[in-house]
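Here's a quick briefing on salt bridges and overall build. Have a look at the model first, then we'll go through it.

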Amino acid sequence: MTRKKRRLVLISSALLTLSLAVGLVLFALRDNIVFFYGPSELAQKAPQPGTRLRIGGLVKEGSLKRLDGQSVRFAVTDMKSEVEVAYTGLLPDLFKEGQGVVAEGALGEDHVFRADSVLAKHDERYMPRDVADALKKQGVWQEGAQQLASPGK
Amino acid sequence: MIVETGHYALVLALALALVNSVLPIWGSVTGDRRLMAVAPSVALMGFGLVAYAFFALTYAHVASDFSLANVVENSHSAKPLIYKISGVWGNHEGSMLLWVLVLALFAAAVALFSSSMPDDLRANVLAVQSWIASAFLLFILLTSNPFARLANAPAEGNDLNPLLQDPGLAIHPPLLYLGYVGLSITYSFAAAALISGRIDAVFARFVRPWTLLAWICLTLGIAMGSYWAYYTLGWGGFWFWDPVENASLMPWLAATALLHCTAVMEKREALKIWTIFLAILAFSLSLIGTFLVRSGVLTSVHAFASDPQRGIFILLILVVFIGGSLALFAWRAGGLKQGGLFAPVSREGALVLNNLLLTTCCATVFIGTLYPLALEALTGEKISVGPPFFNLTFAPLFAPLFVLMPIGQNLAWKRGDFFGAAQRLIVAIGAGLIAMLALAAWRGGPVVSVVLSGLAIYVIVGSFADLGRRLFVGGGATAIMGAGQRALRLPRQAFGTAFAHAGLGVTLLGLAATGWGAEKITALRPGDEVEIGPYQLTFESVQPRAGPNFAERIGRTAIRSSGVLIATIEPSTRFYPARKMNRSEAGIATIGLGQVYMSIADVAANGSVNARVFWKPLVSLIWIGALIMAFGGCLSLSDRGFRIGVARRAAKAAASSPQPAE
């Protein structure tokens, strides 16, 4: 094989791998991305029931209901609109009423959001950024309001 | 007082780094040996100063000096000593200091252990390393000063985030940084080689041990992080395709590719341009990882406080170093000589394919990690890219690597024989197929698990095929007698390769076996029983217990197998009063290679406890595999070929004999 032919083999295998990767990425990006909405955005955009979504906001005070077994219901609010969430499973350690939360799942026909995973924040001082942004859009959240305990930052 | 001297030491370290950024390069340009000789001693002094600064901060944390903002925010007088020490890097400022410490450590190591290197190469390497150090020292001093004092010192600190109060914090960040930041050395080597314009087998020989060292630490650091997440998050997951995890996986993929292509460059002087490019890429990805994790663009336990000013500073560093090196690359790479020739089917060809797949995998991870950020910046739309994306893109591109790995090992350099290699792997292929059939008949279950297990067995056996052939020459008793002697004579690198590859196979086996696991979420009262996999669990009691800086509630659970008690686990939920924060601690019993995993949540009003119980067969293999990979790396590192004397002789030989024309 000449140098030219060898190079051709090399380049074509590189192109093949790359185009495979590009194909896979485009395919995966079409079906496997999940949009994030705050409660107000959710009400406004009204996505198709069954579409996978992430929603985030504050857990409304007094809304947490423990149903039989492992099921819970709570409302996520951004102080303007709210959405009812149903979830079965263990709530994260930092889940609390009045605190930030992110839930992933899909909206049902009955406008109840069926979550299959619920995330709270990692640290009691900070709000999940997505939640903070969703709240900021509604003018509820001010930067720095919660950062009382961090004088140096 | 010690705190102020620590701060001062950092300023001095910056001054020295600036000196070392200029003088050695100037020396190598003008051929002034005295200026070049400045580099090693200044690098050592710089390391000493940064180490002192680090010591000063550690001292403040251990002594609970609450006049320091950093200590107040991240420590508490009741915190156990191990977390007082590891808490030093459990925050933004301290972790950046650790980052720079590792950077200085590698520079000092090069200064000490590379006396055989050509003077100008060493001077340039240390100078480039000093550029990086200057940038990050400036970053610390201007935006993230760990030594900032408070005017009114409070009596007590805020405590460390409970999620971080874990032995994992003592091990995972230092190891990860040794890997992550260790790659800075390969970057410095690449930049230095581009500046001096001399890129040959000798260069590959010098850069390879450093790459290997960084790779070993990175492998262990990622594995440790994954195990930590596994036992502390309570979901039983060990890899979440979280952007922060991806930030460490990308440099690992690039470093793995680099490791393989330096082999080609060292043996055959081929792929020079590509090797240099990968060396730049690997550290660039480390820098991008640092940016993602430290700038606060991501929400994660790793992103401590977010401050836009810091993000912009790191972004600036990123642009200068990645952009600068790529510009240097574009300017110089064109002038490189063509390397040795090889047929597509050959050891080199296999390694090229390996590189192609690894870098493509890396690219998909890169896209999956940064696409959401880019989309949000451009359109304001928030999306998340999770496991389904990576399962669809990364997995199909990585899977061929498992098939090709043993084949590549059995191909000859220059021109290989594919069918010959396949023939040598007949035992491995057979073992894989038998394992598949046996598992399908015995366990059944998901097809993916069966197929991947077979593939894993093939990789494990196949990794040793080449070694076995070289050890047991001929047949019968004499072959076995001679094997011991031959084993001693074989280069340890051959063993290293075999173990590292087998380790990846072992990890794959652990991953494949997750398909046979079981998971249950139930509410339990004391006395209740749960059946999980082959075991019966009895939830015995819930008891309160006081820890040093937390109160916990432990749920004692007995694990029995057909009536016989095997183990008792104590999953717990902890409450840390200083931060008013809950955290659960999973109860894990390792039985054979599998694990029973249980985490509990708060006690409900009716006295029952919500629990999550898993049976995870062979799960420990995931991390044991990583240990085996790292062991293989250490074997290679101890190879005679890597020792300094050999490199020196090679360098001399290269210098004395004129390069043959190609």
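How many salt bridges does the structure hold over all chains? There are 29 of them, a salt bridge being a side-chain nitrogen of Lys or Arg within 4 Å of a carboxyl oxygen of Asp or Glu. Keep in mind that this is a predicted model, where local features need pLDDT of at least 70 and side-chain atom pairs count only at pLDDT 80 or more, while totals for chains, interfaces and linings use all residues. Residues are numbered from 1 along each chain as its sequence is written, chains are lettered from A and ligands numbered from 1 in the order in which they are written, and side-chain values use heavy atoms, with hydrogens and water left out.

- Glu93(B) and Arg310(B) pair up through their side chains, N to O at 3.2 Å.
- Glu93(B) sits in helix H6 (residues 92–113) and Arg310(B) in helix H13 (residues 308–333), so this bridge ties together parts of chain B that are 217 residues apart in sequence; helices here are DSSP runs of H or I with at least four residues, strands are E runs of at least two, and both are numbered from the N terminus.
- Glu93(B) is buried at 7% relative accessible area, and Arg310(B) is buried too, at 4%; buried means under 20%, exposed over 50% and partly exposed in between, with a 1.4 Å probe and protein chains only.
- Glu266(B) and Arg208(B) form another salt bridge, at 2.8 Å from N to O.
- Glu266(B) is buried at 13%, and Arg208(B) is buried at 10%.

**A bridge between strands, and a network**
- Arg574(B) and Glu552(B) make a salt bridge with their closest N and O atoms 3.1 Å apart.
- Arg574(B) is in strand S7 (residues 572–576) and Glu552(B) in strand S5 (residues 551–561), so the pair connects parts of chain B that are 22 residues apart in sequence.
- Both Arg574(B) and Glu552(B) are buried.
- Arg574(B) and Glu552(B) also belong to a salt-bridge network whose members include Asp166(B), Arg556(B) and Glu585(B).

**Chain B as a whole**
- Chain B has 23 helices and 11 strands.
- The C-alpha trace of chain B spans about 85 × 75 × 55 Å along its principal axes.
- Of the 662 residues in chain B, 58% count as buried.
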